[in-house]
Amino acid sequence: MSMFEITDKPPAEALEAIGNGLTAFNAADVGPSERRPLAVLIGGSDAGGKRGGLSGYTAWGWLFVQWLWLPEDLRGQGLAVRLLAAAEDEARRRGCHGAWIDTFNPQARRAYERQGYEAFGELPDFPPGRSRVFLKKQLG
């Protein structure tokens, strides 16, 4: 009998136990993260009145942009720049000194770099044929 269970359907309580344990360990090691969700949403008629936006969180003085998505008809209007700026402004209000994001889309990478983000890491072939690039920006 193995002490490990491998599953693609972990019970919610198991994930909660892992998350709570790691959070407690990290808080004792480096202090509380003060993690707070941060979203900048674009209004509209889809998805409960929202048509896209940015989702992430702030923790330990950093903004992490987890998702940034716009429907096709809203692209090319500078909205991604405005979403990032709004999230960065809120992160500054929360006391953050930096922001980070990752992407495997070359066009998105160029857009983030135009907004002052710089690459600090890369995973080649993630997904195959692309590289996942990690970018950061000082918020000052």
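The legends below describe close-up views of a predicted model. Local features need pLDDT of at least 70 and side-chain atom pairs count only at pLDDT 80 or more, while totals for chains, interfaces and linings use all residues. Residues are numbered from 1 along each chain as its sequence is written, and side-chain values use heavy atoms, with hydrogens and water left out.

**View 1. Helix α2, residues 79-93.** Helices (H or I, at least four residues) and strands (E, at least two) are DSSP runs, numbered from the N terminus. The 15 residues of α2 reach 21 Å from first C-alpha to last, close to the 21 Å expected at 1.5 Å a residue; the expected span is 1.5 Å times one less than the number of residues. Glycine 95, with a positive phi near 90 degrees, follows α2.

**View 2. The buried residues of α2.** Leu79, Leu83, Leu84, Ala87, Glu88 and Ala91 are buried (under 20% relative accessible area; exposed is over 50%, partly exposed in between; 1.4 Å probe, protein chains only). Their cover includes β1 (36-43), β2 (50-59), β3 (62-69), α3 (106-114) and β6 (131-138).

**View 3. Leucine 74 in the loop between β3 and α2.** Leucine 74 is buried, with a relative accessible area of 13%. Not counting residues up to four places away in sequence, leucine 74 touches Ile42, Arg51 and Leu79 (contact means heavy atoms within 4.5 Å). Leucine 74 and isoleucine 42 lie 32 residues apart along the chain, and their C-alpha atoms are separated by 9.8 Å.

**View 4. Tyrosine 117 and its contacts.** Beyond its neighbours within four places in sequence, tyrosine 117 is in contact with residues including Leu84, Glu88, Trp100, Tyr112 and Leu135.
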